[in-house]
Amino acid sequence: MQKDKPFSQACENNKAPILEKLVELFKQPGTILEIGTGTGQHAVHFAAHLPHVVWQPTDHPQNAQLSRAWIDDAHLTNINPPIALEVLNGDWSSLPAIDGAFSANTAHIMAWEEVQAMFRGLAEALPKGAIFCLYGPFSYGGRHTSENNVRFDLSLRTQAPHMGIRDMEDLEALGEETGLKLEKDFGMPANNRLLVWRKS
C-alpha cells in the first residue's frame, strides 16, 4: 500500500452516487474510456464494482501518471494503465477501441475549445449507440441551479478566464453538431448532474 496517494475529497463524496447510475448505464461488457482520470479514485471504485468492463483511464499529459498510485494499489485486472490524452490536439485515433465513455468535473475546468474537442473526439471514437456520461455542475438557460454554483462559477472564472460552469443550451447544440444526443439528465447530490449522451 502506497502512502500519501493523491486524494480528492470531491471524488470520495460523489463516487457512490455516480456508481449507482453507472451500474444501470454500463451493463454490457466493453471498454470504458475515462477522460480526466485525475487521482484515480473514480477509476478504482468503478472498476471494482463493474467487473464486466475494462476501465481505460486518460488524462492531460501533465497529469496522466497521477492515478498510478491508486491503480497500482488496487490490483484490479480490469483497469488499463493510464494514457496521456491532450483533448484539443491529441491523437484520438491512437486510443484503443472503446464501447463507452465517462468524464467527471472536467467541462468547467477545460476551455470551451477543449470541451468542443472532447465531444468531437468522442463522436469519432464511440461506436453507434454507445453512451458518454458527463458529470458535474451545469447551468440552464444562463441560470445556475443553486447559489453555491453561482459562487463556484465566479471562483472558477476568477482563477482563470477560460474556466466556468457550462450551459446546457451550449452543450446540447454541441451535441447536435457532433452526433451526440442528450438522452438523460440525472439530478445528483451537491447541485451536480449526470448527463448521458448517445452516439447517433
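**Sheet, pockets and cysteines in a predicted model**

Setting aside neighbours within four places in sequence, Ser139 is in contact (heavy atoms within 4.5 Å) with His144, Ile165, Arg166, Asp167 and Met168. The structure is a predicted model, in which local features need pLDDT of at least 70 and side-chain atom pairs count only at pLDDT 80 or more, while totals for chains, interfaces and linings use all residues. Residues are numbered from 1 along each chain as its sequence is written, and side-chain values use heavy atoms, with hydrogens and water left out.

Ser139 belongs to strand 6 (residues 138–139); here helices (H or I, at least four residues) and strands (E, at least two) are DSSP runs numbered from the N terminus. With a relative accessible area of 5%, Ser139 is buried, a term that stands for under 20%, with exposed meaning over 50% and partly exposed in between (1.4 Å probe, protein chains only).

Turning to the sheet, seven strands form an open arrangement in the order 3-2-1-4-5-9-8, with mixed pairing; two strands pair if DSSP finds at least two bridges between them. Strand 3 (83–84) and strand 8 are the edge strands, each pairing on one side only. Strand 4 (residues 100–104) and strand 5 (residues 131–136) run parallel and are joined by four bridges. Within this pair, Phe102 has Cys133 of strand 5 as its bridge partner. Strand 8 (residues 180–188) and strand 9 (residues 192–199) pair in the antiparallel sense, over eight bridges.

The loop between strand 2 and helix 3 (68–74) holds Asn63, which is partly exposed at 35% relative accessibility. Asn63 and Leu85 are separated by 22 residues in sequence and by 9.6 Å in space, C-alpha to C-alpha.

Rolling a probe the size of a water molecule over the atoms shows where empty space is left. On a 1 Å grid over the protein atoms alone, a pocket is an open set of points where a 1.4 Å probe fits, with protein on both sides within 12 Å along at least five of seven lines, and lining residues have an atom within 4 Å of a point. The largest pocket has a volume of about 750 Å³, volume being the space filled by probe spheres set on the points, which are joined across faces, edges and corners. Its lining comprises 31 residues, and those nearest the centre are Gly36, Ala104, Asn105, Thr106 and Ile109. Helix 1 (9–25), strand 1 (30–35) and strand 2 (53–59) are the elements that give two or more residues to this lining. Helix 1 gives the most, with four. By class, the lining has twelve nonpolar, 15 polar and four charged residues, where Ala, Val, Leu, Ile, Met, Phe, Trp, Tyr, Cys and Pro count as nonpolar, Asp, Glu, Lys and Arg as charged, and the others, Gly among them, as polar.

The second largest pocket has a volume of about 180 Å³. It is lined by 13 residues, with Leu25, Phe26, Gln28, Asp99 and Ile131 closest to its centre. That lining divides into six nonpolar, two polar and five charged residues.

Finally, the cysteines. A search of the whole structure finds zero disulfides, a disulfide being a pair of cysteine sulfur atoms within 2.5 Å. The sulfur of Cys133 is 16 Å from the closest cysteine sulfur, in Cys11, and therefore too far for a bond. Cys11 is buried, with a relative accessible area of 14%, and Cys133 counts as buried at 0%.
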